[in-house]
Amino acid sequence: MAFRTGFSGMNRNLRIGTRLAIAFAVVTIVFASALVWMIHAQSGIIARTQDRASHGEVLMLQYSNLYAGGLQTGQATRNVILNPTDTKARANFETAATEIHTALGTVGNVLRTYEPDSSAKLVRIEKLLQLWQEDLALQQEAQQLAIGGKPADAVQLINKKETALWRDIKKQVFVLREGQQKAMQADLALMAAETDTQSRVMAVIGVSAVLLVILIGVIITRSITRPLAELRGVALQVSTGSVNVPAAVPYRDEVGELHASFEHVVDAIRQQSDIMEQLAAGTFTDQVTVRSGEDVLNQSIQRVQSSLKQLQEE
């Protein structure tokens with residue numbers, strides 16, 4: 001109640017143009033704030049999505065490199081077993097083995113940087129690293145057997161130990177890839193949910209802003225129509241011949257100025273009424289005041305007053 005009283009008092013002291021300017025400023029600030037918030041929120045969603053997509057793509061690439069590296073080392077080992085003098089195959093094996101270690105290191109760094117809560121994945125990566133080391137060691141041992149003139153032993157080692165180990169490694173890599181694909185799909189779903197939430201919030205802000213505009217419009221309209229209604233009541237009283245109008249309304253805007261001007265008119269009518277009553281009683285104590293050269297009514301009353309005074313003196 002105190003707020004409404006204080007706001008009403010402040011509103012009465014403001015001119016109509018000032019009220020409209022304040023209303024426009026408030027609406028502009030509300031909409032500008034909503035726009036800034038929307039841009040900031042959208043930028044945050046885009047940045048998070050790009051970040052997630054970026055490190056997700058890196059992980060998917062490294063998982064593919066692991067699988068490709070496994071195929072390349074296996075093929076290189078078979079080539080060495082078939083041809084122990086194939087130096088190119090051994091060089092390919094070393095290159096692929098280096099790429100496997102690099103891919104595993106990259107995966108570990110990405111997980112530690114972007115997914116600090118991915119301890120289970122890191123444990124799986126450590127286990128996968130151990131499996132790779134065992135597998136590469138078996139393949140190197142098979143190559144040495146072939147180079148030493150024992151290709152049959154090399155084939156037997158690959159078939160009995162390395163092949164089963166490679167199947168386990170391949171299974172682990174596929175599990176990691178599938179998990180990453182699901183994580184990326186979940187990120188897309190989360191982005192869609194965040195966008196939907198932002199849209200809902202913007203809808204609420206928009207409705208609130210519209211309601212605020214309506215409320216401000218109602219307040220400003222009432223601040224104008226209420227004193228005009230009071231002035232209309234005064235005019236109706238004067239039209240019935242009454243000059244006992246209420247005191248000045250507590251407004252300092254254009255409507256208040258209009259009411260004050262109307263009071264001057266009523267004062268003039270009241271003064272004219274008093275003088276006419278005096279004339280009717282045959283007294284000429286009060287003199288009528290001619291307010292301007294165009295004040296024909298008071299000029300006429302002044303002439304009537306002078307004529308009656310002369311007749312009375314005669």
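Select H4 and H5 first: their axes come within 9 Å and cross at roughly 160°. Axes here are lines fitted to C-alpha atoms, for helices over the stretch in contact, with angles running from 0 to 180 degrees between N-to-C directions. The crossing makes H4 roughly antiparallel to H5 (angles under 35 degrees count as roughly parallel, over 145 as roughly antiparallel, 65 to 115 as roughly perpendicular and the rest as oblique). H4 passes H5 in a left-handed crossing, a term for a near helix turned anticlockwise from the far one by less than a right angle. Residues of this contact divide into 18 nonpolar, three polar and 10 charged. In this division, Ala, Val, Leu, Ile, Met, Phe, Trp, Tyr, Cys and Pro count as nonpolar, Asp, Glu, Lys and Arg as charged, and the others, Gly among them, as polar.

The model is predicted: local features need pLDDT of at least 70, side-chain atom pairs count only at pLDDT 80 or more, and totals for chains, interfaces and linings use all residues. Residues are numbered from 1 along each chain as its sequence is written, and side-chain values use heavy atoms, with hydrogens and water left out.

Zoom out to the whole protein, which has seven helices and zero strands. Helices (H or I, at least four residues) and strands (E, at least two) are DSSP runs, numbered from the N terminus. Of the 314 residues, 28% count as buried (buried means under 20% relative accessible area, exposed over 50%, partly exposed in between, with a 1.4 Å probe and protein chains only).

Next, display the aromatic side chains; a search of the whole structure finds three aromatic pairs. Rings of Phe, Tyr and Trp (its six-membered ring) pair if their centres lie within 6.5 Å; planes under 30 degrees apart count as stacked, over 60 as edge-to-face and the rest as tilted. Tyrosine 67 and phenylalanine 174 form a tilted pair, 5.3 Å centre to centre with 40° between the planes. Because tyrosine 67 lies in helix H2 (residues 16-82) and phenylalanine 174 in helix H5 (residues 151-239), the pair ties together parts that are 107 residues apart in sequence. Tyrosine 67 is partly exposed at 26% relative accessible area, and phenylalanine 174 is partly exposed at 33%.

Move to tryptophan 132 and tryptophan 166, whose ring centres are 5.8 Å apart and whose planes stand at 55°, so this pair is also tilted. Tryptophan 132 is in helix H4 (residues 119-147) and tryptophan 166 in helix H5, 34 residues apart. Tryptophan 132 is buried, with a relative accessible area of 0%, and tryptophan 166 is buried at 14%. Tyr67, Trp132, Trp166 and Phe174 form one aromatic cluster.

Now select the largest nonpolar core, a set of 25 residues. Such a core consists of buried Ala, Val, Leu, Ile, Met, Phe, Trp, Tyr and Cys residues joined through side-chain atoms within 4.5 Å. Tyr63, Leu66, Leu104, Ile125, Leu128, Trp132 and Ile169 touch the most other members. H2, helix H3 (87-114), H4 and H5 each supply at least two residues, and H5 gives the most, with eight.

Turn to H3 and H4, whose axes come within 10 Å and cross at roughly 170°. That makes H3 roughly antiparallel to H4. Their contact comprises 13 nonpolar, six polar and five charged residues.

Finish at glutamine 278, in helix H6 (residues 254-281). Glutamine 278 is buried, with a relative accessible area of 16%. The C-alpha atoms of glutamine 278 and glutamine 305 are separated by 9.6 Å, the two residues being 27 apart along the chain.
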